[in-house]
Amino acid sequence: MILKGRAWKFGDNISTDLIAPGRYFHLRTNLPELAKHTLEDADPEFSKKVRKGDFIVAGENFGLGSSREHAPQIIKLSGVSAVLAKSFARIFYRNAVNIGLPVLEADTDKIDNGDKIEVDIEKGLIINNSKDIKIRSQPLPEFMIKLLENGGLIAYIQKYKDLEI
Amino acid sequence: MGKTISEKILSSHSKKDVYAGDIIVANIDLAIAQDGTGPLTVQKIRELNRAVKNPSKTIFFIDHASPSPRKELSDAHTILREFTIESGCKLYDIGCGISHQIIAEEYVNPGEIVIGADSHTCTAGALGAFATGMGSTDIAVGMVLGKTWFRVPETYKILVTGKLPVGTYPKDLILYIIGKLGANGATYKALEFSGETIERMEMAGRLTLTNMAVEAGAKTGLIATDKTTEEYLIRQGRGEKYVEIKPDKDANYKREIYIDASDLVPLVSVPHRVDNVKPASELSDIKLDQVYIGTCTNGRIEDFRIAAKILRGKKRNPETRLIIAPASKDVYEKALEEGLIKIFLNAGATILPPGCGPCVGVHGGILGNGEICLSTQNRNFKGRMGNPDAEIYLASPATAAYSALSGVISDPQEAML
């Protein structure tokens, strides 16, 4: 799976409150509407200007806080193809893979806002075409790659009927 | 090889010897979701088109927007009411209180595994259970299969000795620990709290500690069982469920952190990070528009007794609103019986029904632009209380109550010495 798009750069500690603000709690049963507010409190322009295939690129501890799966859901609905960060909060990381949104841990310092990047999920390779550099990411655990390949946890359970590792 | 508490519980539920780093499938004892995450959980269960494995141990709580402040949320609540009737799962509707408090009062037993579609599910670790938060999809699958997958976490041993000084509480201790570890200092790890300070701590304080383990990024927080655990279970009517859960002496810890509690002072988390911790005494220029006492962190009867002691016979600062919400109906009843609600009302407080209150930014005290709130909750992220242009400080019930009187952040030790 090769993904291509522009980078939207964010800093450290992007919480699920910044991704899916509590004041839109009432839109949680209406994800397309909630997606119009994705990351609104971190960058009000993001949800208006993000294009299909773009990447969210962040620093440490992306997705900390609440377990709200609506956070990765609306990132995916916004068209984002993957989230690249130096590190992720654990519930967000698991939620993202469960719903089929690729997340890669990598050194994101050499990616700037607007850079054109290419990501090979299987190889864990990030190519920053704007700077002509390659960045290696931490490989996902085998089981999580299997979940992504199957389109997420629900599709996996529908296919295999059970959970075995 | 010796095992940590997490390794022991995950071994017993996967029927093999598991250690940190293993990826395993384990049976679960209790699965919960709330009105913020429950409707999506129900949707995912419907997509799976399968029955819930153990309805009597599958519980939905309406605690986040409770009672509903708007029609969209009323419809979300209807989804939970209809699903629980149809599936036989349990529902704790408006007026019952916060999931984490209710499962501690009524359900969680030592040695069990609890999963919840709420990040503060880790609270139940105070009872010697392995409890962790997940998203709606994970919880839906857990509810249907009666099991889930885990990566067995490495454990940080947090050893606390010494007596908490007058005016400092378990909340100050956990703020200190999070400040020391950082907001991602324990990502994917389990925190085991131990030492004489923890052994002397009552269950309410232990629940405050484990509640905030996730604020250091941890998967869960755990405390070995002892006489206090047993007495709590007896008081709650399920003393027969007590079992001893302790780490092995030769368990392998990733890190050991030693803390002398006698050095602590009342602490406050400063916006917009929980790990941005400062002494309350250094923040006396912070003028407060609102003080909130409650939540799954500090909305227990023990917290209310502390607040009432400070507020008794006094009035809040006229420019500082004081909002108080009991964590459960049981807490509310006890507070009424003990006359605490009367003290709060006389002090000028507004009492909310049992539930999350304004902590989640949905209702019950949303902050205005530029406003500042001091809360006993666990998170002060930008926008948390419904407004990204407001600021949230976090502290103990004592610091919150004392500050409500002065109208600025105040060190409660002044009131007690």
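The model is predicted.

**Exercise 1.** Determine which residues of helix H9 of chain B are buried, how they are arranged about the axis, and what follows just after the helix.

*Solution.* Begin with the cut-off: a residue is buried if 20 or more other C-beta atoms lie within 10 Å of its own, and exposed if 12 or fewer do. In H9(B), which spans residues 227–235, the buried residues are B:Thr229, B:Tyr232 and B:Leu233. Viewed down the helix axis, the buried residues of H9(B) fall within an arc of 95°, and they therefore line one face of the helix. An α-helix has 3.6 residues a turn, so residues three or four places apart point the same way. The buried residues of H9(B) pack against helix H8 (203–211) of chain B, whereas B:Lys227 and B:Arg235, on the other side of H9(B), are exposed. Just after H9(B), B:Gly237 takes a positive phi of about 85°.

**Exercise 2.** Locate A:Lys161 and B:Asn49, and state whether each is buried or exposed.

*Solution.* A:Lys161, which is not a glycine, has a positive phi of about 65° and lies in the segment after helix H7 (153–160) of chain A. With 11 other C-beta atoms within 10 Å, A:Lys161 is exposed. B:Asn49, also a residue other than glycine, has a positive phi near 55°, and is found in the loop between helix H2 (38–48) and S3 of chain B. Its count is 8 other C-beta atoms within 10 Å, so B:Asn49 is exposed.

Technical notes. Residues numbered from 1 in each chain as written. Chains lettered and ligands numbered in written order. Predicted model: local features only at pLDDT ≥ 70, side-chain atom pairs only at ≥ 80, totals over all residues. Helix = DSSP H or I, 4+ residues; strand = E, 2+ residues; numbered from the N terminus. Arc of directions from axis to C-beta. Contact = placed C-beta atoms within 7 Å.
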